[in-house]
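Welcome! Here is a short tour for anyone meeting this structure for the first time. Have a look at it, then read on.

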Amino acid sequence: MIDFENGADELVSGLYQRLTFAEYANMPAVNNGAIGYGMLSMRHMRAYLRGEISTGDSTARKFGRAAHTRIFEPEKYSAQVLVASPCVGIYRSGKNKGAQCSKAGKYRLSAPNEDAEWFCGQHKQAGSEEPENYVTAEEAGHIEQMAESLKRHEVGKDLLLSGMSEVSIIWKHKNIWCKGRVDRLVHNQNSSRSPVIYDLKKCQVGKANQTDAERSILNYGWHRQAAMYRWGLSEILGVSPAFAWIFVEDSPPYDVYVMRCDEETLKLGHSEIQSVLNKWSEAVITDKYPGRYESVHNTGGLPEYARPITSMKSPS
């Protein structure tokens, strides 16, 4: 649980490149996730910041973290991300009795001076654990192809320019500490070129296009994420960076679609952020965190599509 109410005095504005994700996550400050819940209500936002709303982990999130590490911090990939071997469990009955399972490994069992063994859920052994950061051998292959596809794309040249990867931003707005974590910031203080924020998003085959990208940006609130990152960096750097999404298909043919965020989208995102922060500031000062629907005067029943047609136009 993050003590966002009492731990903020230790924060200092700036860019931090060496923070681990766990260290960043534990910083008592408002991030885009909190803003998203703040769009619902101040009660939701406080619950999120207190760690009372579980966001959980998933195979998709593990894959995403691994892909980010491989693409933006390749030197750390082999040390931070485990590649699971197939399950070594043995079937004890049925038509496959005596054969090795070979399903995707999920639980890792390590012993001194021996290679670790992996097991699926069916053959999980006592003492085996699911690691925080791992991918299957098949997923690791997809990640390598995604990285190669990016390298061949025009944006790959830009990602190699001077800059920082997985950089954490901390800044203060009035009485509220804010934070963000940027995938890649291309920035050279000795260059006249404006800095650029790149944010990686994996997508399904055929979804690396403007229509599907814009739909996802709306559905997941990524316009607020873009606005928040740019706002934080402009506070620290003194200049407003451009923001671009990199959409990469997570299976063949690993197509790439790069889209710069337009100003109208950034302005809308910033407006939503400011609205939430203003409400949050008042909530903290008054110690009142209203829910989404505080009124008791709500009337309803069946949804519209289930209601009978009560009036019809007379035939002319």
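Predicted model: local features only at pLDDT ≥ 70, side-chain atom pairs only at ≥ 80, totals over all residues.

**Backbone features**

- The phi angle of D287 is near 60°, a positive value in a residue that is not glycine.
- D287 is also exposed, with a relative accessible area of 56%.
- K174 has a positive phi too, near 55°, and is likewise a residue other than glycine.
- You will find K174 in the loop between β6 (163–173) and β7 (176–186), and its relative accessible area of 62% makes it exposed.
- For background, most residues other than glycine have a negative phi, and most peptide bonds are trans.
- P252 and P253 are joined by a cis peptide bond, with omega at about 10°.
- P253 sits in the loop between β9 and β10.

**Nonpolar cores**

- In soluble globular proteins, nonpolar side chains tend to be buried together.
- Here, the largest nonpolar core has 39 residues, and V30, M45, V182, W245, L277 and W280 are those with the most contacts inside it.
- Helix α9 (residues 222–237) gives the most to this core, contributing seven residues.
- Apart from this core lies another, of 24 residues, which include A66, A67, V135 and A147.
- Leaving aside residues up to four places away in sequence, L277 touches V30, I35, H173, I176, C178 and W231.

**Helices α9 and α10**

- Two packed helices are described by the angle between their axes and the distance between the axes.
- Helix α9 packs against α10 (residues 263–286) at an angle of about 85°, and their axes are 8 Å apart.
- An angle from 65 to 115 degrees counts as roughly perpendicular, and α9 and α10 are therefore roughly perpendicular to each other.
- On the α9 side, the residues making the contact include H223, M228 and W231, while those of α10 include E263, L266 and L277.
- By class, this contact of α9 with α10 has eight nonpolar, five polar and four charged residues.

**The two sides of helix α8**

- Within helix α8 (residues 210–220), the residues D212, A213 and I217 are buried.
- These three cover an arc of only 140° around the axis, so they are on the same side of α8.
- T211, L218 and N219 are exposed on the other side of α8.
- Among the elements covering the buried residues of α8 are α9, β9 (242–249) and β10 (256–260).

Terms used
Residues numbered from 1 in each chain as written. Heavy atoms only, no water. Core = buried A, V, L, I, M, F, W, Y, C linked by side-chain atoms within 4.5 Å. Buried < 20%, exposed > 50% of the residue type's maximum accessible area, 1.4 Å probe, protein only. Helix = DSSP H or I, 4+ residues; strand = E, 2+ residues; numbered from the N terminus. Contact = heavy atoms within 4.5 Å. Axes fitted to C-alpha atoms, helices over the stretch in contact; angles between N-to-C directions. Parallel < 35°, antiparallel > 145°, perpendicular 65-115°, else oblique. Nonpolar A, V, L, I, M, F, W, Y, C, P; charged D, E, K, R; others polar. Arc of directions from axis to C-beta.
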